[in-house]
Amino acid sequence: MTVSNDLQEFRTEVSTWVQKNFPSSLRGFDLSSESPVKAGVDTDFELWRKKLSDKGWGTPTWPKQYGGAGLSDPEAKIIRQEIAKAGAFNPIPPITGMGVTMVGPTILEYGTQEQKAKHLPGIASGEVRWCLGLSEPNAGSDLASLATKAVEEGDAFILNGQKIWTSGAHISQWCGAVVRTDPKAKKRDGISFVMLPMDQPGVETRPIKLIAGSSPFCETFFNDARAEKADLLGDLNDGWSVVKRLLQHERQSQTSSPGAPKADAEPLQEMAKRYVGTLEDGTLADPDLRLRLVRNLMDADAHKLTVSRITAEARGKVNVSAAASILKNSMTRVAQNKAELTLEMMGNQGVGWEGHQFSNDELNSVREWLFGKAMSIYGGSAEIQNNIISKNILGLPETTQQG
Amino acid sequence: MTVSNDLQEFRTEVSTWVQKNFPSSLRGFDLSSESPVKAGVDTDFELWRKKLSDKGWGTPTWPKQYGGAGLSDPEAKIIRQEIAKAGAFNPIPPITGMGVTMVGPTILEYGTQEQKAKHLPGIASGEVRWCLGLSEPNAGSDLASLATKAVEEGDAFILNGQKIWTSGAHISQWCGAVVRTDPKAKKRDGISFVMLPMDQPGVETRPIKLIAGSSPFCETFFNDARAEKADLLGDLNDGWSVVKRLLQHERQSQTSSPGAPKADAEPLQEMAKRYVGTLEDGTLADPDLRLRLVRNLMDADAHKLTVSRITAEARGKVNVSAAASILKNSMTRVAQNKAELTLEMMGNQGVGWEGHQFSNDELNSVREWLFGKAMSIYGGSAEIQNNIISKNILGLPETTQQG
Amino acid sequence: MAALNEEQTLLKDQASAWVSAEAPVAKFRAMRNEGKEAAFAQPTWAAMVEMGWTGILIPEEFGGSDLGYLTFGVVLEELGKQLTASPLFASAYVGASALMLAGSKAQKSELLPKIVDGSAIVTLALEEGARHAPLQTKLKAAADGDHFTLTGTKTLVLEGMTATHFIVVARTNGKAGDVNGLSLFVVPADAKGLGRTAMKTMDSRGYAELQLDGVKVPSSALMGPADQAGEVLDEILDRARAGLGAEMLGVGAQSFAMTLDYLKTRKQFGAVIGSFQALGHRAAELFSAMELARSCGEAALQELDGQSNNVAKACSLSKAKVGDFLHEMSNQLIQIHGGIGMTDEFDAGLYLKRARVLEGLYGTPAFHRDRYARLLGF
Amino acid sequence: MAALNEEQTLLKDQASAWVSAEAPVAKFRAMRNEGKEAAFAQPTWAAMVEMGWTGILIPEEFGGSDLGYLTFGVVLEELGKQLTASPLFASAYVGASALMLAGSKAQKSELLPKIVDGSAIVTLALEEGARHAPLQTKLKAAADGDHFTLTGTKTLVLEGMTATHFIVVARTNGKAGDVNGLSLFVVPADAKGLGRTAMKTMDSRGYAELQLDGVKVPSSALMGPADQAGEVLDEILDRARAGLGAEMLGVGAQSFAMTLDYLKTRKQFGAVIGSFQALGHRAAELFSAMELARSCGEAALQELDGQSNNVAKACSLSKAKVGDFLHEMSNQLIQIHGGIGMTDEFDAGLYLKRARVLEGLYGTPAFHRDRYARLLGF
C-alpha cells in the first residue's frame with residue numbers, strides 16, 4: 001500500500017516537473033540515429049539536457065554520486081512514462097552513444113571506484129559520447145579471434161590494429177575496446193577491455209557507407225594509440241567476461257518492441273489499405289498480402305507480450321537473461337518482415353532512391369528496409385543467438401568446432 | 001529418323017499386344033502397398049503376370065537371359081506409357097517388393113554371373129518377393145553403426161542381430177541384408193551385403209504397428225540365420241558401396257511426382273471448393289487456405305517440371321545423380337503439405353479414425369497424412385539429404401562428427 | 001505478464017504432480033486401447049472433482065472457488081502435458097462459462113452446483129458442418145406456445161456420450177449466415193427425441209453426433225433472450241478458445257520436452273544428435289516459438305480475467321499463434337524422433353493426433369487470422 | 001525439359017564469356033556512381049547489337065534470327081548474373097514482342113529492323129499507379145477524326161529516358177477496371193506534348209515518368225483494333241514476365257555462387273563457415289529452391305516457343321516461384337556475408353536492390369499466385 005502511494009506521489013512530482021521544465025520548442029525533436037544529436041547544437045536542447053541530468057533523471061537508476069538519481073526500477077519506469085506522456089524525451093542516451101546503454105552499466109559492474117568517478121558523471125550529464133571497438137574485419141561474430149594488439153608500456157597500453165562497425169566513432173570522445181594483451185594465451189583468455197580517448201594522434205576513424213547510404217558506423221584504426229592502465233576495465237586478460245556482459249546489455253537494448261512506432265506513425269494495416277485498397281467487405285484488396293500482414297502484426301503482438309511477460313516473471317529485475325536471445329531474434333524477424341511488407345504494399349512507389357516522384361515516407365521505407373538487414377547481423381547474428389539458445393538455455397552439447 | 005520410326009512401330013506393337021492380352025477383369029485393380037498383392041491370388045492376375053513376364057516386359061531393360069527384354073530406356077518408356085493408356089498395369093514391381101526397384105539393379109551391377117542367373121529370373125517373373133534388412137534400432141540414418149554380425153562358418157555366414165523397417169519381410173521369400181563381417185574394422189569398412197532365404201528357422205519377423213495403423217513394415221530377427229557365401233553381393237567387407245548404390249536406387253524410386261493422383265482422383269482445388277465453398281468471384285471462400293493451397297500446387301508443378309528437366313538434361317540416362325536428394329526432399333515437402341491442407345479443408349470431417357460419420361476418402365486422408373510423415377524419415381531423412389546436397393553437390397566441407 | 005500468484009503456483013505444482021502420478025499418458029493410451037465410449041477414466045474424473053477443479057470458474061454462491069481463467073488455464077496446461085482425458089474442459093470450463101454468461105438465475109442455481117460436484121456434465125453442442133462457422137447454424141428451434149421444438153443434427157460434441165445436459169446452439173429465426181436469430185437452449189441428455197452416437201476420432205476423445213428429432217423443451221430452457229445469442233455465443237467461444245490454447249501449450253510443452261530429451265540422448269554418427277548444429281538451431285527455433293506462443297496463450301486468459309474489451313483479439317491471437325506453434329512442434333516431434341516416432345507403441349503419435357484436432361477446434365489458425373484482421377479493420 | 005540445343009549452348013558460352021569480360025558488375029557500379037541518366041553504357045549496348053542479340057526474337061524477314069524465347073532467356077540470364085544494364089530487354093524483348101503480337105504490317109516493317117540494328121529503342125509504357133493492375137489503366141486516348149489525343153501519365157517506364165518510341169497502353173473506352181476499352185499506341189519519343197523525367201530508383205536502372213499532355217497521334221499509330229487490346233496486352237506481359245524470370249534466375253544464380261564461395265573461404269571459430277551444419281543445410285535448401293525455380297523459369301520460355309495454351313499459367317508460375325527464390329536468396333546473400341554484405345563497396349547490395357525491383361515488376365509473386373489460382377478455377 002504505502003509503496004504504491006509513494007509511487008503515486010512520485011508520479012505527480014515527475015509529471016509536474018517535466019511539464020514545468022521541458023521546452024515546448026523541442027516537441028517532435030528528431031532523435032533518430034540517422035542524425036545523431038551533438039550536445040550544444042541547440043540552446044533549448046542544451047538547457048533541457050542540463051536540467052534533466054542535474055536531477056540525475058537521464059540515468060535515474062545510477063547512484064547519486066555518479067550523476068544518477070539512485071532510484072528504483074519502478075521509479076525509473078515512472079520517469080520514462082511521464083516524460084513520454086508530456087511529449088518530451090530523455091536526451092542523455094542518444095547523445096552519449098553507447099554510454100548509457102552499454103558502457104555505463106558495465107563500468108558500474110566491473111569498474112573501480114576511480115573509474116566510476118572518472119567516467120560515469122560525464123555519461124550521466126550527456127557530455128561524453130562513447131563508442132565501442134569490438135568487431136574486427138576478421139572477427140565478426142567471432143570476437144575471440146580478434147587481432148588488435150595492446151602492449152604494456154609504462155603506465156599505459158599501446159594499441160595497434162583495426163576495428164570495424166564502431167558506431168559513432170567519428171563523433172565520440174571515448175572508446176571502449178577489446179584488445180589482445182596476451183598473444184600466447186588461447187583465443188578467449190588473452191584479451192582485455194580498455195578505455196581510451198578518441199582525440200589522440202594514434203586514433204583515426206573512417207565512416208562506412210552502407211547499402212542504405214551513409215551510416216553512423218566507422219572503421220577505426222589504432223596506430224600506437226594510448227590507453228592508460230588506469231582505464232583497464234576488469235582484470236588483465238579477463239576481457240572476455242566484460243565483453244560477454246556488454247553484449248548482453250546490447251541484446252537487452254535491442255529487444256525493445258520492434259520498429260517502436262512514433263506516436264504519429266500510421267498503422268501498417270492503414271498504410272496497406274491506402275496503397276492496396278479494400279473489397280466490399282472492408283478487407284484488404286490483396287488477400288495474399290493480407291495474410292502475410294496479419295501474421296506480421298500477430299508476431300509483433302507476440303513479441304510485445306513476451307517482453308512484458310518475461311519482465312513480469314523477472315519481477316522487475318533488469319533482465320539480461322538468456323531470454324534476450326529469443327527476443328532479439330523475434331524482434332529482428334518482425335521488423336525485417338515489416339519492412340519487406342511495407343515495400344511490397346507500396347509497389348511501384350516502393351522502389352525509389354531519390355527524387356520528387358516518391359514521398360519521403362516512401363524513400364525512407366526503402367532506406368530503413370536496407371538498413372534493417374543489419375539487425376540480424378550485429379550484436380550477435382541470428383545464428384549466434386540460436387547457438388546461445390541451444391547451448392545456454394537448452395543445454396545442448398557444444399558442437400565441436402561448429403560455433 | 002529411322003530410330004523414331006522404329007519406336008513408332010514398337011509403340012503400335014506394344015499397344016496392340018496389351019489390348020489383346022490385358023484381362024479386362026483387372027481394370028482398377030488395387031495395387032496399393034496397403035494391400036500387398038500375393039502372386040497367384042487371382043487367376044486373371046496370375047495370367048497377366050505370366051504373359052507380361054514371358055515377354056520380359058515386367059523388367060524391359062534387363063538382359064534377356066535374366067528374364068528381361070533387353071530393351072532401351074525409350075522403349076521401356078513406351079511400354080510404361082502404353083500399359084497406362086490401356087488402363088493396365090505392370091504387376092511385377094509391386095509383387096516383388098524391393099526386387100525390381102532396388103535389389104535387381106544392384107545385382108545387375110555387382111552380381112556374379114551365377115548370382116544374376118540365380119536371382120534375377122525369379123524377380124523378372126514376379127515369383128520371388130524381396131525385402132531389405134538395412135536399418136537397425138540403433139542405426140537409423142546412420143547405417144555405418146550397424147550391429148548385426150555375420151560370422152563365416154564353412155561355405156556360409158551365420159547371422160545374429162535385429163533389423164527394423166524391413167518392408168514386407170513377413171511375405172517375402174528372400175532378403176538382402178547389410179551385416180558386420182569385420183568387427184575390428186572401422187565403422188564403414190567392416191560391413192558386407194548378403195542375400196538369404198526368409199524361410200528358415202533362424203529368421204523371425206514381427207509386423208510393426210504405425211501411428212497410421214497397420215503397416216507393411218516389420219522387425220526382423222536373425223538367430224543363427226544362414227546366408228550362403230555364394231550369396232555375398234560385392235566383395236567381403238565392401239558392403240558399404242553396395243548399400244550406397246541401393247540407397248541411390250531407393251531415392252530414385254522415391255522421386256516420382258508427389259501423390260501421383262490416380263486418374264480419377266479429385267484435384268485438390270476442387271475438393272477445397274467442395275468443402276470450403278467459393279465467393280461471388282469464384283475464388284475459394286477461405287483466402288488464407290487458398291494462398292497456402294496455390295503455393296502447394298505451384299510447388300507440385302515445380303517438382304514435376306524439375307523431374308522432366310533433369311531427365312531431359314541427363315538425356316534419358318537413368319538418373320541416380322545427386323539431384324535425387326533435391327527431388328526426394330521437394331516431393332516429400334509437397335506431399336506432406338498436401339496432406340496437411342487436405343485435413344485442414346475437411347475441417348470437422350478431417351479428424352475421423354473410423355465410423356460411418358466419415359466418408360472413406362476422409363478416413364483415408366487421415367491415415368495417409370499420418371503415414372506420409374515417414375516420407376521425410378525413410379530412405380535417408382530430409383536432414384541426410386541436405387547433408388548429401390551440401391557435401392556431394394555443393395562441395396562444402398565435412399562437418400567433423402556432425403554427420 | 002503471467003507471473004503466477006502464490007495460489008496459482010501451488011495449484012500448478014499440485015496439478016503437475018497429480019497428473020504425472022495419477023493420470024499419465026499411459027492411462028490415456030490404455031483407455032484408447034480399451035476403446036471405451038466414455039473416453040475417460042471415471043476415477044480420474046472423480047479425483048478432479050474431489051480436488052475442486054470443477055469449481056475454479058464458478059462463483060462461491062454456487063459452490064465454486066471463483067479463481068478465474070488464468071488459474072483454470074494452469075490446470076488445463078498440466079492436463080495437456082499428459083493428454084489426460086476428462087469432461088473437465090467441456091463441462092467445468094466451457095459449459096460453466098456458457099451458463100455464467102447466458103444462463104438464467106434458475107439455470108445457474110440448478111446446474112452450476114452440479115457441475116462443481118460432478119453430478120452434471122454440461123457441454124456445448126455447436127458444430128454442424130465441416131467448417132467452424134457459428135453463424136451458419138441450421139438446427140431449427142420452432143416456438144410453439146410455451147415450448148420450443150428442436151430439429152437438426154450436431155457434430156463433434158465434446159464428451160457428448162457422457163454429458164447430462166447439452167447447451168444447444170439453434171436457429172429460432174433468419175437463415176444460415178444471419179447473426180440474428182440464434183438462440184441457446186439447455187437440453188437434458190435424456191430428452192425425448194434426442195439421439196447420440198459416438199464418433200471415433202483420431203485423437204480418441206469422447207465426441208458424439210447428436211440427432212434432435214423434434215425435441216420439445218419448455219421456454220424456460222432458453223438461455224437469455226431468443227434470437228439474440230449471436231454475441232454471447234462469441235463470448236462463450238472465446239473462453240473456449242483461450243482454454244484450448246492453454247491445453248495446447250501443455251501438449252506442445254511436453255512435445256518439446258520429449259524432443260529435447262531425445263536430442264540429448266539419441267546417438268548417431270558417434271555423437272548425440274543434439275550436437276548437430278542444424279538440429280540444435282531447430283530446437284532453438286522451436287523453443288523461441290513456444291515462448292512467444294505462451295505469451296499469447298497466457299495473455300488471452302488474463303484478458304478474460306480482466307474482462308478487458310480486448311478479449312476477442314487476444315483469444316484469436318492465442319488460438320492462432322499457439323496453433324501454429326503446436327502444428328510445427330508436433331510435426332518436428334515425429335521428424336526428430338525418426339523411425340521410432342512413427343511407431344504406435346511410442347507416444348509421439350498420440351500427441352500429434354491430439355495436436356491436430358485441437359488446432360481445428362473452434363477455429364483453425366486461418367479462421368483466427370481472418371477474425372483478428374477484421375477486428376483490426378482490414 | 002531445358003536441355004539446350006547446340007546453338008543455345010554456344011550462345012550461352014559466348015554470352016557468359018562476353019558478359020564477365022566486357023560488362024561485369026564493376027561496370028554497372030561505375031555507371032551507377034556516375035549517375036548518368038541513360039543508366040547504361042553505350043559501348044556495351046552497341047556490342048550487343050553487334051552480336052545480334054537484338055534480333056533473337058525477330059523474324060528473318062525483318063532482319064532478325066528468329067531463335068525464340070528460350071534462346072533469348074539464355075542471354076538474359078547471363079546478363080542478370082552481372083547486373084548488366086542495357087535496353088536489350090525493354091526494346092528487343094518486350095518492345096519486339098509487342099510489335100510482333102499486336103503491330104500492323106507497317107509498324108513491324110518500320111520498327112522491327114530498327115530494333116535489330118539498334119537505331120530504335122521501343123519500350124512499353126504501362127504502369128500508372130502504385131500497383132501493377134493493367135485493367136486499371138486511366139491514361140485517356142480520345143479519338144478525333146483520324147487522330148487520337150493522349151492525356152495522362154505513366155510511371156516506371158523501363159529505359160524511358162533513352163527510348164525512341166513508346167508503346168503506350170491507353171483507355172479509349174470504358175472506365176478503370178474494364179477489360180474492354182484498352183488500346184495500344186506507338187508514340188514517338190519526340191511527339192509534341194510528351195515530357196519525360198528520369199526516376200532515381202534503388203536499382204539504378206533507367207526508368208522514366210512520362211507526362212502525356214494532349215499528345216496527338218494518327219490513327220495509324222493504333223496497334224490492332226481499338227478497345228480490344230486487353231487480351232493481347234496480357235500476352236505481351238506474359239512474355240515480359242518470362243523474360244524477367246530468366247534475368248532473375250541469373251541474379252539468383254550469381255547471388256548463390258557468391259554465397260557458396262564465401263561459405264567455402266570465410267573462416268570463423270577456426271573453421272570455414274560452410275562447415276557449420278546450419279549454414280550447410282541452408283545452402284542446400286537455397287540450392288534446391290534454385291533448381292526448382294529454374295525449372296519453372298525455363299518451362300515458361302519453352303511454353304512461349306511452343307505457343308502452348310498453357311502460357312499464362314506457366315508465366316505466372318515462373319514469376320512467382322523465381323520471385324520467391326530470389327527474395328530469399330537475396331536476403332541470405334546479405335545475411336551469410338554478415339557485416340561486409342552491408343557495406344556499399346561490396347556488391348551484395350546491388351544484387352539485393354535489383355532483386356527486389358525485378359520481384360515487383362509486372363506483378364509480385366502474390367499477384368501471380370492469385371492469377372494462377374484463377375486460371376485453375378479457384
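Where in chain C is C:Tyr362 placed? C:Tyr362 is in the loop between helix H11 (348-360) and helix H12 (365-375) of chain C. Please keep in mind that this is a predicted model.

You will find C:Asp227 in the loop between strand E8 (222-223) and helix H7 (229-265) of chain C. Here the count is 16 C-beta neighbours inside 10 Å, so C:Asp227 counts as partly exposed.

Now, over to chain A as a whole. Chain A has 403 residues, and 48% of them are buried. Its elements are 12 helices and nine strands. If we take the contacts in chain A with a separation of 6 or more, 68% are between residues 24 or more positions apart.

Let's zoom in on a pair of helices. In general, two packed helices are described by the angle between their axes and the distance between the axes. In chain A, take helix H5 (residues 99-110) and helix H6 (residues 113-124): their axes cross at roughly 160 degrees and come within 10 Å. An angle over 145 counts as roughly antiparallel, so that is the description for H5(A) and H6(A). The crossing of H5(A) past H6(A) is left-handed. From H5(A), the residues that meet the partner helix include A:Val103, A:Gly104 and A:Ile107; on the H6(A) side, A:His119 and A:Leu120 are among them. By class, this contact has six nonpolar, four polar and one charged residues.

Chain C has a helix pair to show you as well. Helix H5 (residues 88-102) and helix H6 (residues 105-117) of chain C pack with their axes 10 Å apart, at an angle of about 170 degrees. That makes H5(C) roughly antiparallel to H6(C). Among the residues making the contact are C:Ala92 and C:Leu99 of H5(C), along with C:Leu111 and C:Ile115 of H6(C). The classes here are six nonpolar, three polar and one charged.

Next, how do the chains meet? How many residues does the contact take from chain A and from chain C? It takes 33 from chain A and 33 from chain C. On the chain A side, helices H8 (268-276), H9 (287-313), H10 (323-346) and H12 (382-393) each supply at least two residues. H9(A) has the largest share, with 15 residues. That side of chain A divides into 15 nonpolar, 11 polar and seven charged residues.

Chain A also touches chain D, in a contact that takes 37 residues from chain A and 34 residues from chain D. On the chain D side, the elements giving two or more residues include strand E6 (194-201) and helix H11 (348-360). H11(D) gives the most, with five residues. The chain D residues divide into 13 nonpolar, 13 polar and eight charged.

Strand E9 (residues 352-354) of chain A pairs with E6(D) in the antiparallel sense, over two bridges. A:Glu354 has D:Lys200 in E6(D) as its bridge partner.

Methods:
Residues are numbered from 1 along each chain as its sequence is written. Chains are lettered from A and ligands numbered from 1 in the order in which they are written. This is a predicted model: local features need pLDDT of at least 70, side-chain atom pairs count only at pLDDT 80 or more; totals for chains, interfaces and linings use all residues. Helices (H or I, at least four residues) and strands (E, at least two) are DSSP runs, numbered from the N terminus. A residue is buried if 20 or more other C-beta atoms lie within 10 Å of its own, exposed if 12 or fewer, and partly exposed in between; C-beta atoms are placed from the backbone. Two residues are in contact if their C-beta atoms, placed from the backbone, lie within 7 Å. Ala, Val, Leu, Ile, Met, Phe, Trp, Tyr, Cys and Pro count as nonpolar, Asp, Glu, Lys and Arg as charged, and the others, Gly among them, as polar. Two strands pair if DSSP finds at least two bridges between them. Axes are lines fitted to C-alpha atoms, for helices over the stretch in contact, and angles run from 0 to 180 degrees between N-to-C directions. Angles under 35 degrees count as roughly parallel, over 145 as roughly antiparallel, 65 to 115 as roughly perpendicular and the rest as oblique. A crossing is left-handed if the near helix is turned anticlockwise from the far one by less than a right angle, and right-handed if clockwise.
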